[in-house]
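Hello,

Here is the structure I promised to pass on to you.

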Amino acid sequence: MTDDLTVNFTMAVVLAALYSAGFYLLMQRSLMRILIGTVIVGHGANLLLQLAGGPPGRAPILGDAAPEQMTDPLPQAMALTAIVITFALTTFLLALAYRSWVLLGHDEVRDDVEDRRIRRLERRLAESEDEAQEEELEREATQ
Amino acid sequence: MTVLVALPVLLPLAAAGMSLALGRFADFQRIIGLVVLAAIIVDAGVLLYATDRTGPVVLQVGGWAAPAGITLIADRLSALLLVVSAVVTFAVLIYSIGQRLTDYGRERASTTFHPMYLVLCAGVSLAYLAGDLFNLFVAFEIMLSSSYVLITRRTTASRVRAGMTYVIVSLTSSLLFITMIALVYAATATVNLADLGDKVALLPEGLQVALGLLMVIVFGVKAAMVPLHFWLPDSYPTAPAPVTAVFAGLLTKVGIYALIRTQTLVFSHEQPWTLMLVIALITMLVGALGALAQNDLNRMLSFLLVSHIGYMLFGLGVYDVIGLTGVILYVVHHITVQATLFLVSGLITRHTGTVALSRMGGLAKAAPMIAVLFALPALSLAGVPPFSGFVAKLALLQAGAGAGTWPAYAVTGGVVFTSLLTLYAMARVWTRAFWGQVRAPEPDPDPDDELVVGTGNSTRPMVAATGVLVTASVVIALFAGPLAGVSERAADDLMHGETYREAVLGGAR
């Protein structure tokens, strides 16, 4: 709740570190680093979900403690689901990285089709320019 | 009655399990998929009738009361989209079974395709029915994780590349989604959409704007809203035709649905919502201009898909009952038409053996059936009367003209201009692929045009399935009156969230 939620400074710093390190890794070229990046951001997100429940209290089991002293169980349930999902997707990404290594010999994320097409066009243009220059040189030589 | 709400999620999930376990029996797999999807069409139809007559149908899963438990709710909007999605997934399944039969014969089954396809359907249904943010997240994950498998099946180098971009972008947006849920929960202590509407209104304005924008980004990535669209034209075209068709038809629209649902139910905006109008205009133009630059048929269609997402954002930007009516009509029209176009593109590329427009030609004479199947949805997409696109676009133009501010007028102009660009792009395909001489196969200078699909002749089931969707799109235009009626009532529900909140929370308020 907004009124009684005190922000834990240590946790805020940890979160900031996890998110920034994770997103930095996500922007790398190698799929392995991206994978580690998603794992780290995933940890950050799950930790944030935990913290969203407010300060820690007693275990939320009926009859064990008064409801006011219990930790909010809902974010824990959600974090558990989120952890399972991120875990499964990490495994899938790992398999994809392996497949990429088998097929291409590396796990780098390649340029998209558009970029490659433009580069080829550039090369073709450069080649035709070279040819034109050579022809001109030949013509000058024969004159 | 309430069990009907759970069936569109439970049936395909159960069928997916059976389909996976009994993967060796090809015929069984096919039949169970078709039967389950047909059952969902019926179920969704009944739901639509019931919700339109008596209001939203709510299922509190496990009997836990609303704000704490899991809520599944079908109102007019979700029931309508459920019907359309079920019809499209059914037709696409027939198409893909037909393709499989032609390529591999009757005996060989695909062990992964059918289960994953059914899981995808379950995810899409759950996204429409979810009554809380976290369940919406789970729905997105069910949908996306099966889509990861579908897009990277039978991996070639190009599919790995496309799959990587797709998976990484979707995964990043999912992580942002969890972050958003955590922040929303920290601020309001609830994730129930109906409950959030009341609680978010109490928050300080700055926090409301921040949470609202975070949601726009999360769902914007999934809906391929410019500038978050870059992954789409790069990854969709590499997948096989039926997979691309169902992705293009449904996945982006689920993003749009989530955007509409949260931005109307949870947040309130000034009217019209200028930021969304600006994004809509940019999305329309970037998509349409991108489409004109393409030589690859599938990439061109993907850019057009991005462009037409802009129309739906435009309706949301107008932010009144008329605007949302337009969006709903447009979503219904676009799901069918975009899926159809990708299926036809599959037929075209099978026939010609290439995706490059510059290497096609003379199809109108060689394959007149394909020409008809392409022409009808293409005209509909461009918004030519009397097709469904015209009806939907007219509603949007009316909304834009009635909004009464300069940004809205400017975007209305943008809608007309983009329609012309769409028509031009379609005419370009027509003149290049369908007119002219049949080209003899020659070595391709551009290795990216290589095709991985088989190039055998198209068979009857594939053509028939495409025909069903084309007919569906014409039927939408024929029944525009009743459909517009339902859409208007659904839009009215969206603008005044009382019915939704009342149905979910009941006596709890």
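Between chain B and chain A of this predicted model, two residue pairs are in polar contact, both at pLDDT 80 or more. The count of salt bridges between chain B and chain A is zero. The two chains bury about 3,700 Å² between them, and 73% of that area is on carbon and sulfur atoms. Chain B gives 42 residues to the contact and chain A gives 45 residues.

Which elements of chain B give two or more residues to the side that touches chain A? They are helix 5 (133-151) and helix 6 (157-188) of chain B. Helix 6 of chain B has the largest share of that side, with 20 residues. Sorted by class, the side of chain B that touches chain A holds 26 nonpolar, nine polar and seven charged residues.

**Records for the two chains**

For chain B, UniProt (an unreviewed entry) places the feature "domain: NADH:quinone oxidoreductase/Mrp antiporter transmembrane" at residues 130-417. In the model, that span of chain B is 79% helix and 0% strand, and its end C-alpha atoms lie 37 Å apart.

For chain A, UniProt, again in an unreviewed entry, places the feature "transmembrane region" at residues 6-27, 34-52 and 77-98. Residues 34-52 of chain A are 95% helix and 0% strand, with end C-alpha atoms 27 Å apart. Residues 77-98 of chain A are 100% helix and 0% strand, and here the end C-alpha atoms are 32 Å apart.

While you are in chain A, take a look at Leu51(A), which is found in helix 2 (residues 31-51) of chain A. Leu51(A) counts as partly exposed because its relative accessibility is 29%. From Leu51(A) to Ala141(A) there are 90 residues in sequence and 79 Å in space, C-alpha to C-alpha.

**Salt bridges**

Side chains of opposite charge can pair when their charged atoms come close. How many salt bridges does a search of the whole structure find over all chains? The search finds nine. Here are some of them in chain B.

Asp27(B) and Arg30(B) join their side chains in a salt bridge, at 3.3 Å from N to O. These two are separated by about one helical turn, because they are three residues apart in helix 2 (residues 26-54) of chain B. Are they buried or exposed? Arg30(B) is buried, with a relative accessible area of 8%, whereas Asp27(B) counts as partly exposed at 30%.

Arg76(B) and Asp52(B) also meet in a salt bridge, this one at 2.6 Å from N to O. Arg76(B) sits in helix 3 (residues 76-104) of chain B and Asp52(B) in helix 2 of chain B, so this pair ties together parts that are 24 residues apart in sequence. At 14% relative accessibility Arg76(B) counts as buried, while Asp52(B) counts as partly exposed at 21%.

The side chains of Arg299(B) and Asp234(B) form a salt bridge too, at 3.7 Å from N to O. This pair links distant parts of the chain, with Arg299(B) in helix 12 of chain B and Asp234(B) in helix 9 of chain B, 65 residues apart. Both Arg299(B) and Asp234(B) are buried. There is also a network: salt bridges with shared partners join Asp52(B), Arg76(B), Arg489(B) and Asp493(B).

**Backbone points to look at**

Most residues other than glycine have a negative phi, and most peptide bonds are trans. Against that background, a few places in chain B are worth a visit.

A cis peptide bond joins Val226(B) and Pro227(B), with omega of about 10°. Pro227(B) lies in the loop between helix 8 (205-223) and helix 9 (232-235) of chain B. That loop between helix 8 and helix 9 also holds Ala224(B), a residue other than glycine whose phi is positive, near 60°. Ala224(B) is buried, with a relative accessible area of 0%.

The peptide bond from Pro385(B) to Pro386(B) is cis as well, and omega is near 10°. You will find Pro386(B) in the loop between helix 15 (368-382) and helix 16 (388-403) of chain B.

Finally, Tyr319(B) has a positive phi of about 60° although it is not a glycine. Its place is the loop between helix 12 (297-318) and helix 13 (321-352) of chain B. Tyr319(B) is buried, with a relative accessible area of 6%.

Best wishes, and enjoy looking around!

Key:
Residues are numbered from 1 along each chain as its sequence is written. Chains are lettered from A and ligands numbered from 1 in the order in which they are written. This is a predicted model: local features need pLDDT of at least 70, side-chain atom pairs count only at pLDDT 80 or more; totals for chains, interfaces and linings use all residues. Side-chain values use heavy atoms; hydrogens and water are left out. UniProt positions are given in the numbering used here, feature names are shortened, and annotations may be inferred rather than shown by experiment. Helices (H or I, at least four residues) and strands (E, at least two) are DSSP runs, numbered from the N terminus. Contact means heavy atoms within 4.5 Å. Buried area is the accessible area (1.4 Å probe) that two parts lose on being put together, summed over both. A salt bridge is a side-chain nitrogen of Lys or Arg within 4 Å of a carboxyl oxygen of Asp or Glu. A polar contact is a pair of N or O atoms within 3.5 Å; within protein, one must be able to donate a hydrogen and the other to accept it, and residues adjacent in sequence count only if both atoms are side-chain atoms. Ala, Val, Leu, Ile, Met, Phe, Trp, Tyr, Cys and Pro count as nonpolar, Asp, Glu, Lys and Arg as charged, and the others, Gly among them, as polar. Buried means under 20% relative accessible area, exposed over 50%, partly exposed in between (1.4 Å probe, protein chains only).
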